[in-house]
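Me: Please take a close look at one part of this model, the place where the two chains meet, and walk me through it with care.

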Amino acid sequence: MTTNLTEQAPSTQVPAIELRGLTKTYGQYNAVNNLNLVVPQGAVLGFLGPNGAGKTTLIRMLLGLVHPTKGEGRILGYDIQTQKDKILPLIGAVVETPTFYSYLSGYDNLKVIAYTGGIAESRIQEVLDIVQMTPRAKEKMRTYSLGMRQRLGIASCLLSNPRIIFLDEPSNGLDPQGTIDVRNMVMRLGQMGHTVFLTSHLLHEIEQTCNYVAIIKRGTMVVEGYVKDLLERSGHQIMIETQRSDLTAHAVNQVFGQIARPLDPYRTEVTIPREQIPNVVKTLVDREIALYSVMSRTSSLEQYFIEVTADSANPFDKQAQLAQVSALQAVG
Amino acid sequence: MLGLIQAEWLKLRKQSTAWIVLLIPVALVLIVQLGSILVVLLTKNLPNDSSSTPQQRAQLANTAQEVYNGTFLPDTFLLGLGVVGFVKGLLTIILMATMVGGEYSQNTWKNILIRYPYRHNFLLTKLLVGMFWLFVTLLAGGVAGVIFGFIPNLTLPLIKAGLKAPLQNNEDFLAKLNGAVVPTLIQMLIFAAITIALTIITRSTVGGLAITLVYTTLEGNIGIFVRELRDFTISANLTALTDHLEDNGRATIPLAQSLVALLIYMAIALGISIFLFRRADMAGV
């Protein structure tokens, strides 16, 4: 019997992920509460939220590890509760820290996954090459560093050449080089046409690797949209170093409204749409204020994240967190 | 399903616990065979004077001859099976608790459940592969009995003069073989199903192992305290089944009844396992 692939393959028009009122309740506690989300195919989605916001629970529900209490979820048009047989061949995932059988080698661990998913063994070498793990593949898992485990986790995701890849905190616990490696790998996956669903605490990582972002708090969606749109909504931050920050802030505020504040005698923080930055510079030059440098503040998503996730009932906390972020940025 | 079997087989044959389970009866068989040499050594040097009677000396010579008789085929093979039968419950519980509980302790369910949609097949595969390993263990016990049987077989005539090779008598070998193999495998199957169920409930290797040991011990002895339940325990029905297979006329429970009772035990344990496992949230550790 032949299989009609054109009938079985999901349309490129359907969203990669579509959630309608998805809810997971443990007793009185709503881990995920009435979540609605539409992720287009090909998007690299950064899924953000404070600890305990429900990110991992959502991923587990999408993968069929946890049963939703109510609501509906679809992956490439297939229902997550009743059509797992259609969904699983189309997805790859690493949930939380990658875990493998410690007494097996990396290669054998991938073999277990390949056998389980009905994937040809020849694919193992291909994915090992992609994540650059071939030289250590025959060694026992217990000898692997966390970075190597993360890479093997990504390799396990790629085994079935999936349409959608779920990565849950892939940079957790990695050293700076490991973080950069994983980030580059995620960017490559996006360029290869995979839809990527990425959760991370590293907001600048999301900013660099993702084009779409969703933020949840206490199981509820706070905001979703393209990263660029969200950043523009929140304004772009720059830091200007001049001869005198008080004169700088005064000049900028006079022309553009209250958007500038001195950080110290020389540095001024300015929040402004990106396209307005040249005008700010021109204003300072016109007023003959000696301009030493203009630096873009790269983690504006971090500020935006804190703005939308901070407890609104406690504005003091929010201010404190924003001040802390500003201080850290100023140091940086 | 074939892929699941391949995956499970790969995991099992590279797991040290599986090899320990296989080697425990082999080691026990070796000890038993060496023990037979010790028995004959102890009987060898009875003084041939007034301190021992001719009857005593004849009795000891008879014992030595019986031990020697047991070092020939097919008795050595049956002895090996018997040794496995002695520890079959423990071996089954250790193996199955490790196979299922290991997925919880290493947090690996989340890796494999997202590759294959039908959860119950994971359990059925573990049962199938685990039972195959236990069958190999049983066989290894028998083969070890034969191989290690050569040690006393060659040594005993050197230790004690006058031992004679027994006349071949294989008339009841098949009945004894059935009586050793079939109930052993059935008990392993039932214990395996119970261990899977209790390991899934406790989500832990140690929990599954400990609770199954306690349960099977209590279940095996409940007939002593509650007479009404005597004919419904696993052990009573297995004993009856063995008696029927050996055709020794000692069976107190009809064959059909014992088979149905054992089948019910297995079905309930497996049913609970599948029901709970399919509904369970794998929410991490």
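Reply: Helices and strands are here DSSP runs, a helix having at least four residues and a strand at least two, and they are numbered from the N terminus. The model is a predicted one, and in it 31 residues of chain A are in contact with 30 residues of chain B. About 2800 Å² is buried between chain A and chain B, and carbon and sulfur atoms give 55% of that area. Between the two chains there are two salt bridges, and one that can be named pairs A:Lys24 with B:Asp281, whose closest N and O atoms lie 2.6 Å apart. Polar contacts between chain A and chain B come to 17 residue pairs, with both residues at pLDDT 80 or more.

On the side of chain A that touches chain B, the elements that give two or more residues are strand 1 (17-26), helix 3 (84-87), strand 6 (91-94), helix 4 (106-117) and helix 6 (146-158) of chain A. Of these, helix 4 of chain A gives the most, with seven residues, and the residues of this side of chain A divide into 15 nonpolar, nine polar and seven charged.

Most residues other than glycine have a negative phi. B:Arg203 counts as partly exposed because its relative accessibility is 34%, a value that falls between the limits of 20% and 50%.

How values were computed
Residues are numbered from 1 along each chain as its sequence is written. Chains are lettered from A and ligands numbered from 1 in the order in which they are written. This is a predicted model: local features need pLDDT of at least 70, side-chain atom pairs count only at pLDDT 80 or more; totals for chains, interfaces and linings use all residues. Side-chain values use heavy atoms; hydrogens and water are left out. Contact means heavy atoms within 4.5 Å. Buried area is the accessible area (1.4 Å probe) that two parts lose on being put together, summed over both. A salt bridge is a side-chain nitrogen of Lys or Arg within 4 Å of a carboxyl oxygen of Asp or Glu. A polar contact is a pair of N or O atoms within 3.5 Å; within protein, one must be able to donate a hydrogen and the other to accept it, and residues adjacent in sequence count only if both atoms are side-chain atoms. Ala, Val, Leu, Ile, Met, Phe, Trp, Tyr, Cys and Pro count as nonpolar, Asp, Glu, Lys and Arg as charged, and the others, Gly among them, as polar. Buried means under 20% relative accessible area, exposed over 50%, partly exposed in between (1.4 Å probe, protein chains only).
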